[in-house]
Amino acid sequence: MRLTVLILLILSVFTLTACSSGAGNTVIVAGSTSVQPYAEVLAENYSIIFPDRAVDIQGGGSSTGIRAAQSGTADIGMSSRELTEEEQEMWNIVIAKDGLVLIVHPQNPVNGLTLEQVRRIYTGDVTNWLEVGGADRRIHVITREEGSGTRGAFEDMLMENNLITSRAIVQNTNGSVRQLVSNDIDSIGFLSLGLADQSVKALELDGVAPTWNNVMLGDYTLFRQFYFVSAEKPSDYVKLFIDFALSEEGQRLLMLEGLITDMKEAE
């Protein structure tokens, strides 16, 4: 009896290990919380079409996902930032583009800012909404954590090597940024264009609204690319899921979720 139990335990450990490394039909995808909700939509529809194939989507941030793909603990890493020089040897592909938007509470009277005003708010040089056309109230700055692809894109495109104020409230997901801003009339945050819903107000930047049309026309300049990355060229079930993400159906799903895809570019 003890021998039987021991054998069963060993088999269980082996099965768990195989699943965690993407063996069998399960594909492990980890990384950017900006990409995560879109990957979940892809995985849900993929599993409906191919019920014998499972996709496990996990967050953790872009850098975490890239490291997981490098080490083999994930089959696919999700990144919302450009790969560094050290990461360039990894296999990678763009699955969609995304606008980066500044958001405030819907009742905030400010409808737009200049890029310079945003920069000064995030460095802490501007601390009151009155200074940028709003009410006489202190600005509550909300940012993402270090290592976040969203924060990295924001810093690269907007901060011009200036540091984000140490007084900023740090959040680990786009969802938590949106939640805080939706509950605080004095706050400002940034997140993915596709995740800006009716609970917050997306600001115009230099007089240009953050829409996918304006991104495509080049009028709205804050946008980034979403990547799938892997330690080596994908094969088997990993390749099948990536092929689905890049297929007409996959691109249509991402388009319906608010991302800018090849399908939109062809319109």
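Here is a short chat about side-chain contacts in a predicted model.

Biologist: Let's start with the rings. How many aromatic pairs does a search of the whole structure find?

Modeller: Eight. One of them joins Tyr-38 and Phe-226.

Biologist: How do those two rings sit, stacked, edge-to-face or tilted?

Modeller: The pair is tilted. The angle between the planes is 35°, and the centres are 6.0 Å apart. A stacked pair needs planes under 30 degrees apart, and edge-to-face needs over 60, so tilted is the label here.

Biologist: Which parts does the pair tie together?

Modeller: Tyr-38 is in helix 2, residues 36–49, and Phe-226 is in strand 11, residues 223–230. The pair therefore links parts that lie 188 residues apart in sequence.

Biologist: Are Tyr-38 and Phe-226 buried or exposed?

Modeller: Tyr-38 is buried, at 1% relative accessible area. Phe-226 is buried too, at 0%.

Biologist: What about an aromatic cluster, which residues form one?

Modeller: Tyr-46, Phe-50, Phe-228, Phe-241 and Phe-244 do. Phe-50 also has a charge over its ring. That is the charged end of Arg-53, 4.0 Å from the ring centre.

Biologist: New topic. How many salt bridges does the structure hold?

Modeller: Eleven. Take Arg-151 as an example. Its side chain meets Glu-146 at 3.1 Å, N to O. Arg-151 also meets Glu-155, at 3.0 Å.

Biologist: How far apart are Arg-151 and Glu-155 along the helix?

Modeller: Four residues, in helix 5, which covers residues 149–159. That puts about one helical turn between Arg-151 and Glu-155.

Biologist: Where do Lys-239 and Asp-243 lie?

Modeller: Both lie in helix 8, residues 236–246. Lys-239 and Asp-243 are four residues apart there, about one turn. Their side chains form a salt bridge of 2.8 Å, N to O. Lys-239 is partly exposed at 38%, and Asp-243 is partly exposed at 34%.

Biologist: Last one, helix 9. Which of its residues are buried?

Modeller: Gly-250, Gln-251, Leu-253, Leu-254 and Met-255. The helix covers residues 248–256. Just after helix 9 comes Gly-258, with a positive phi of about 105°.

Key. Residues are numbered from 1 along each chain as its sequence is written. This is a predicted model: local features need pLDDT of at least 70, side-chain atom pairs count only at pLDDT 80 or more; totals for chains, interfaces and linings use all residues. Side-chain values use heavy atoms; hydrogens and water are left out. Rings of Phe, Tyr and Trp (its six-membered ring) pair if their centres lie within 6.5 Å; planes under 30 degrees apart count as stacked, over 60 as edge-to-face and the rest as tilted. Helices (H or I, at least four residues) and strands (E, at least two) are DSSP runs, numbered from the N terminus. Buried means under 20% relative accessible area, exposed over 50%, partly exposed in between (1.4 Å probe, protein chains only). A charge sits over a ring if NZ of Lys or CZ of Arg is within 6 Å of the ring centre and within 35 degrees of the ring normal. A salt bridge is a side-chain nitrogen of Lys or Arg within 4 Å of a carboxyl oxygen of Asp or Glu.
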